[in-house]
Amino acid sequence: MQNPSRFLKHPDRIASYFKSEVPVLIIVTISGLIYNVGMLAGPYFEGQLAQRLFDIYHHRAVFRDMLTLALAYVAVIGIVQAMRAVKRFGVRRFANNISRDMRRLLYNHLVHPDAETLSGEDTGALLTKAIADVDACAEGLRKFTTEIFDTGVVMIAYFVMLLHYDWRLTLLACAFTPLAYMAADRMKGRVTAVNTAYKKSEEQLNTVTLDRIAHAVTYRLFGREAARDAACETALSDYEAKSAKANLYASALTPLYDAVAMIGAVMILYFGGRNVAGTGWTAWNIAAFTTFLACFTKLAVKASHASNLFNAVQRAAVSWKRIKPLMQDAVEDDFHPDDQPVKSQPLIFQNVACGYTAPDQLSCLSFAAVPGEIIGITGTVASGKSLIGKVLLGEVPYTGTITVGSKPLSTFTPEERLTAFTYMGHEPELLSMSFKDNIALGEPLNPTPYLRAAALERDLDDMHRNADSAVGAGGGLLSGGQQARLALARSLAHARSIVILDDPFSAVDPATEDALFAALKQYAKGRVILLISHRLAHFPECDQVLYLENGTAVCRTHSALMKTEPGYRALVNAQKKGGASDAKK
């Protein structure tokens with residue numbers, strides 16, 4: 001996908017989007033000027049046609065004169081409308097390009113969030129921003145660009161033309177036009193408020209709807225469908241009310257602005273009539289009166305459009321404020337870690353302290369692992385076992401020194417982290433695709449060895465499925481243990497120098513656990529494997545064990561820990577006796 005930030009120096013500034021579309025805007029400008037200046041032909045020819053009809057009635061002209069004038073009118077209007085088509089195409093192309101660039105930036109941000117951003121905003125809000133808010137911003141920019149010419153330029157042209165016919169009457173008739181702008185300005189706060197409430201309601205409806213779909217089975221099993229349906233109905237009713245109110249302000253204000261801007265027509269009928277009668281400020285014929293009235297009418301309509309544009313821009317401003325934090329330079333996705341060779345490199349922690357918000361949850365964390373070793377990591381409940389992997393991924397802050405190979409982790413680029421670490425979290429995060437797709441992730445590899453390593457081949461046979469079979473939405477067709485093993489197969493297929501496995505033995509029987517650990521020992525050759533688990537049956541076979549308790553860590557062999565750490569010994573003995581010592585994260 002083309003990266004829009006290559007052309008947008010400041011994607012969080014509206015001006016950048018205009019600058020990125022300069023070629024299109026040049027075409028819009030030229031065609032817009034020709035079209036809108038040409039719009040003066042309408043009132044002029046209408047006046048001339050009225051005068052020519054008057055002259056024919058009084059035998060001062062013939063039908064051929066009317067026909068010649070009408071053909072000239074048609075030809076001029078044809079050229080003007082052709083320029084209008086070019087301008088409208090250019091403006092639509094401009095809006096489409098803006099919408100495309102905004103969506104690309106927003107989607108890029110959504111798939112490259114940090115952990116805090118990802119957990120801090122619900123799916124309904126993100127969906128609303130990705131669809132409705134981008135559309136609103138693009139439409140606001142389109143209307144703004146359109147009205148610069150269809151309203152701004154043509155209003156100036158009409159005003160100059162009116163001044164040419166009678167400057168006094170022009171100033172008198174147009175004195176009411178600013179009232180439409182004043183009314184639009186007075187409505188600004190209200191329009192902003194109702195659109196903000198509308199967007200919030202849309203977010204809530206999207207969130208409730210997605211929740212109802214995603215957890216339909218759970219609500220059915222517990223008999224909570226009626227309650228959730230009621231919540232959906234409440235959200236829908238609130239959305240309908242706020243949507244109707246926002247649309248009311250969007251559509252009902254235009255007639256008001258029209259009425260205010262058209263007050264000047266009363267002045268024209270009176271004082272313009274006096275000009276035709278020869279008792280006014282300027283001597284007019286029928287053509288002048290008709291042209292002046294038609295020109296003012298068009299000017300008044302454009303003035304009301306400009307007022308409505310103010311409110312449209314205010315609605316777009318609400319959406320822009322919501323998505324502006326997401327309009328950031330795009331992250332390039334042209335780096336493929338699987339193309340880089342896997343290096344055998346040691347991992348060293350020296351007096352590391354870390355925590356999710358500050359380095360205050362774990363301290364005195366020191367150990368060294370060389371390629372070929374499996375380091376078991378366990379501890380008491382909420383001891384911070386998962387923090388080890390999060391530190392290496394760069395998702396939590398730390399102090400102290402972590403060295404990978406011969407290089408400090410603090411100096412790693414995001415690309416270097418990708419080439420050094422493979423991470424399997426305790427949430428499988430499976431794709432709603434096939435077994436093969438979940439393992440390969442788009443790479444041309446054979447999934448069979450990894451299915452075998454994760455002890456999934458027999459499961460596939462028992463389920464009468466194969467690697468191309470679907471796993472369901474988020475792995476919903478699989479058991480919890482099968483989901484964890486499929487995530488393990490994916491991690492092994494893309495194993496880098498240091499493999500971090502968070503609870504890979506979740507929900508498996510002892511025999512399957514034996515098979516999985518045997519496979520891990522094979523994959524540990526040339527790599528460091530950090531095995532985070534509360535199931536300790538195979539920890540005696542680990543090269544080292546990192547035991548966490550009371551915010552500190554001790555790293556020794558299993559036998560040494562059994563002698564020196566009562567807490568670790570208690571966990572191991574409880575599991576040997578079949579106890580429920582579940583030291584979850």
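In this predicted model, Val22 is partly exposed, with a relative accessible area of 40%, and its place is in helix α2, which covers residues 22-38. Together with Ile26, Ile30 and Ile34, Val22 forms a nonpolar patch on the surface, and the accessible area of these residues together is about 340 Å².

Two of them are set out below, each described by the distance between ring centres and the angle between planes.

| Ring pair | Centre distance | Plane angle | Arrangement |
|---|---|---|---|
| Phe271 and Trp281 | 5.0 Å | 10° | stacked |
| Trp284 and Phe292 | 5.0 Å | 40° | tilted |

The planes of Phe271 and Trp281 stand at 10°, so the pair is stacked, and the pair links distant parts of the chain, since Phe271 lies in helix α12 (residues 264-277) while Trp281 lies in the loop between α12 and α13 (286-323), ten residues apart. Trp281 is partly exposed, with a relative accessible area of 40%, and ring pairs link Trp281 with Tyr270 and Phe271 into a cluster. For Trp284 and Phe292 the planes stand at 40°, so that pair is tilted; Trp284 and Phe292 are both buried.

Turning to the strands, β9 (residues 544-549) and β10 (residues 552-556) run antiparallel and are joined by five bridges, with Val545 standing opposite Arg556 in β10. The two strands form a hairpin with two residues between them, and Asn550 in the turn has a positive phi of about 55°.

Technical notes. Residues are numbered from 1 along each chain as its sequence is written. This is a predicted model: local features need pLDDT of at least 70, side-chain atom pairs count only at pLDDT 80 or more; totals for chains, interfaces and linings use all residues. Side-chain values use heavy atoms; hydrogens and water are left out. Two strands pair if DSSP finds at least two bridges between them. Helices (H or I, at least four residues) and strands (E, at least two) are DSSP runs, numbered from the N terminus. Patches are made of residues with over 30% relative accessible area and no salt bridge: like charges are joined within 9 Å, nonpolar side chains (Val, Leu, Ile, Met, Phe, Trp, Tyr) within 5 Å. Accessible areas come from the Shrake-Rupley method with a 1.4 Å probe; for residues, only the protein chains shown count as cover. A salt bridge is a side-chain nitrogen of Lys or Arg within 4 Å of a carboxyl oxygen of Asp or Glu. Buried means under 20% relative accessible area, exposed over 50%, partly exposed in between (1.4 Å probe, protein chains only). Rings of Phe, Tyr and Trp (its six-membered ring) pair if their centres lie within 6.5 Å; planes under 30 degrees apart count as stacked, over 60 as edge-to-face and the rest as tilted.
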